[in-house]
Amino acid sequence: MTTGDDDADRYRAPALDKGLDILELLSRIDGGLTQAEIAKQLGKSPNEFYRMLDRLVRRGYVQRQEGDRFFLTLKLFGLAHFHAPVRRLVSFATPLMREFANRAEQACHLAVFDRGSVAIIAQQDSPTYWGISIRVGAQISLFNTGSGHILLAFRDDKQRQMMINEQQRREEDAAMPEDLAERLLLIRERGFETMDSLQTKGVHNISAPILALDGNALAALTCPYIQPVNGKAPSYEQVISYVREAAAQISETVAGMVEDGA
């Protein structure tokens, strides 16, 4: 045995290895696995994984559905979003969000999916006296917000279903609108979302996706539009165009960041 092998054995953490083995296995499987199937694929007895699976479920990394099948959640995905790449995304997006706010005379915010909800990671105030702002760190619903609709619409089917499962697990009474699937198709076709705010009267949300190179949404840029009294202010239709342009510019910046290995 080599020195490297000796060092590997010396610092082994069997319980941690077992948990990581389960996560890596489930990440490669569609449709989930039973406890017995996990044990068989990893060459262990089912009893060896009972406590580990219980802890992974309780900590939100794995979800148990359909009786005895275990699925990987998006918690690791969410944690990765709040690592350095998200900070870089906010850093690059901030000047473009400020430019949008000055141009549109409206506020805007940037949102990502985070373990069963939509999390606000950046916010820019309107340059005028009036505007609607949402606190950075606030968590909102996938089902009844423009940001949530964008994040769902611009994901593949598997990711979308995992996100929906996470939302419903987080909020057991969170009912998915009956027409949501049709609405998401429409959003994807036209490239943006507009809807009356379901939280604040008189506010019309305009949202567009921040897209990764694979076409999936990393984030959503949303403007909580308020109709100005000033007749010289940009119109609702103009602000829709500005939101889409700003989101496209941020997407291009993200693509360049990835290509450069940032």
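Visitor: Which helix gives the largest share of the lining of the second largest pocket?
Guide: Helix 8 does, with five residues. Keep in mind that this is a predicted model.

Visitor: What else supplies at least two residues of that lining?
Guide: Besides helix 8 (157-170), there are helix 2 (14-27), strand 2 (62-65) and strand 3 (69-72).

Visitor: How many residues line the pocket, and which lie nearest its centre?
Guide: The lining has 17 residues, and Ile-29, Phe-71, Leu-72, Lys-158 and Met-162 lie nearest the centre.

Visitor: And how does the lining divide by class?
Guide: Six residues are nonpolar, eight are polar and three are charged.

Visitor: How much space is in there?
Guide: The second largest pocket holds about 250 Å³.

Visitor: Back to helix 8. At what angle does helix 7 cross it?
Guide: Roughly 140°, with the axes of helix 7 (residues 146-153) and helix 8 coming within 9 Å. Helix 7 is therefore oblique to helix 8.

Visitor: Which residues meet there?
Guide: From helix 7, Leu-151, Leu-152 and Ala-153; from helix 8, Arg-160, Met-163 and Ile-164. Five residues of this contact are nonpolar, none is polar and one is charged.

Visitor: New topic: where is Val-112?
Guide: Val-112 sits in strand 4 (residues 108-114).

Visitor: Buried or exposed?
Guide: Val-112 counts as buried because its relative accessible area is 0%, and the cut-off for buried is under 20%.

Visitor: How many residues apart in sequence are Val-112 and Gln-139?
Guide: They are 27 residues apart in sequence, and their C-alpha atoms are 9.6 Å apart in space.

Note on methods: Residues numbered from 1 in each chain as written. Predicted model: local features only at pLDDT ≥ 70, side-chain atom pairs only at ≥ 80, totals over all residues. Heavy atoms only, no water. 1 Å grid on protein atoms, 1.4 Å probe; cavity = no way out; pocket = protein on both sides within 12 Å on 5 of 7 lines; lining within 4 Å. Points joined across faces, edges and corners; volume = space filled by probe spheres on them. Helix = DSSP H or I, 4+ residues; strand = E, 2+ residues; numbered from the N terminus. Nonpolar A, V, L, I, M, F, W, Y, C, P; charged D, E, K, R; others polar. Axes fitted to C-alpha atoms, helices over the stretch in contact; angles between N-to-C directions. Parallel < 35°, antiparallel > 145°, perpendicular 65-115°, else oblique. Contact = heavy atoms within 4.5 Å. Buried < 20%, exposed > 50% of the residue type's maximum accessible area, 1.4 Å probe, protein only.
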